[in-house]
Amino acid sequence: MSSAPRPALGRLVGYVPRVAVAAVAGLALSACGGGAEKAGSKPSGGASATANSAAFPVTVEHKYGSTTIESEPKKVVTLGLSDQDAVLALGVKPVGSVDWFKERPYGKWPWAKDKWGSAPPQIVGERDEYNVEKIAALEPDLIIAQYSGMKKEQYDTLSKIAKVVAQPKGHEDYQAPWQDMTEQIGKALGRSAETEKLITGIDARFKAVRDEHAEWKGRTVTVGEPYEPGKFSAFSPKDPKVMFLTEMGFTTSDTYRAALGKENIADLSFERFDVMEADRTVWLGTPDTEKALKADPLYKKTKVNQEKRDLFLPYDSPDIGAALSFNTVLSIPYAIDQVVPMLEAIK
């Protein structure tokens, strides 16, 4: 329906990264010297002097085992699609980051723009394809990959460059709660106390919404994204976009949960609009996406459309869809301010 790049994870789940880890491993090691900072070099962006160095060493458990970080990280690379937000919120500017929306992960988003300032990161990959040579050249001492689909072979290769904190254990890729990922990042940076304050503040924001809108408790919600004529993606109840809404009191239906199973996303045809029927159906995309969907004969027959219980959130201008997709300690307050009034307008 739209020629715009699909920033959501519809084409990402089940995707096998093509990074040639074996071919570049040796080059990566020689380029970085095992992650040690060269004498006389200065980090292009790193932890502030206020970090609690006494917190180290720390050991962080993750999907591929555990990583012990002996001292305060000075140069951090984030490989999770939204990991940079939590790192920035804790006062650290990553020297490297991945591109998700085919746009700068710095400078664009209103919730993070000021924190990047004039120190943009090096782009070291796109989604789960990592440029190991570029990562090695940055000489990081910590690599964070929380909201990612990092494979074991990638973890093994990157671990030869620097300490790596992979996805939280016990969760499918891209389905860990934002709280868990934030805690992992905070622990790795030696800033657990600051992290807990951030999480408590966001939890309070969600509680305030639930208290003010008790009528939303138990109401069903679905979240989807049309991505080409006749097809759409439905997102897991554990996807950040859906979790954002369930933390406001909404829930998901048995039909919706059954359609997703353990997958983060289900790609469906318009003949399966029944999956999206709910008290509130949220669609992400562009104005063209909304126009095309509303004009579709099958969509016109849905109850949620006929009763005007659907909500269309743009990715840009304002960046509401992006804020839900990130669902981080930085983007959540922005998303709440934008989305709550739109939900309130639906009777």
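These questions and answers go through a predicted model of one protein and the cavities inside the model.

Trainee: How many helices and strands does the protein have?
Mentor: The structure is a predicted model. Both kinds of element occur in the protein. The count is 14 helices and 13 strands.

Trainee: What part of the contacts joins residues 24 or more positions apart?
Mentor: Contact here means heavy atoms within 4.5 Å. The percentage is taken over contacts with a separation of 6 or more. Residues 24 or more positions apart account for 72%.

Trainee: How many cavities of 30 Å³ or more does the structure hold, and how much space lies in the largest?
Mentor: Rolling a probe the size of a water molecule over the atoms shows where empty space is left. In this structure, three cavities reach 30 Å³ or more. The space in the largest cavity is about 130 Å³.

Trainee: Which helix gives the most to the lining of the largest cavity?
Mentor: The lining has 16 residues, and among those nearest the centre are Trp 178 and Met 181. At least two lining residues come from each of α2 (83-89), α6 (178-188) and α8 (240-246). With four residues, the helix that gives the most is α6.

Trainee: How many charged residues are in the lining of the largest cavity?
Mentor: Sort the lining by class. There are 11 nonpolar residues and four polar ones. The number of charged residues is one.

Trainee: What is the volume of the second largest cavity, and how many charged residues are in its lining?
Mentor: This cavity has a volume of about 40 Å³. Its lining includes Gln 146, Tyr 147, His 171 and Met 181. By class, five lining residues are nonpolar and four are polar. The charged residues number two.

Trainee: What is the mean pLDDT of the protein, and over which residues is the pLDDT below 50 with 23 contacts in the model?
Mentor: The mean pLDDT is 86, and 84% of the residues reach 70 or more. The stretch with pLDDT below 50 and 23 contacts beyond near neighbours in sequence is residues 1-7.

Definitions and conventions: Residues numbered from 1 in each chain as written. Predicted model: local features only at pLDDT ≥ 70, side-chain atom pairs only at ≥ 80, totals over all residues. Heavy atoms only, no water. 1 Å grid on protein atoms, 1.4 Å probe; cavity = no way out; pocket = protein on both sides within 12 Å on 5 of 7 lines; lining within 4 Å. Points joined across faces, edges and corners; volume = space filled by probe spheres on them. Nonpolar A, V, L, I, M, F, W, Y, C, P; charged D, E, K, R; others polar. pLDDT = per-residue confidence, 0-100.
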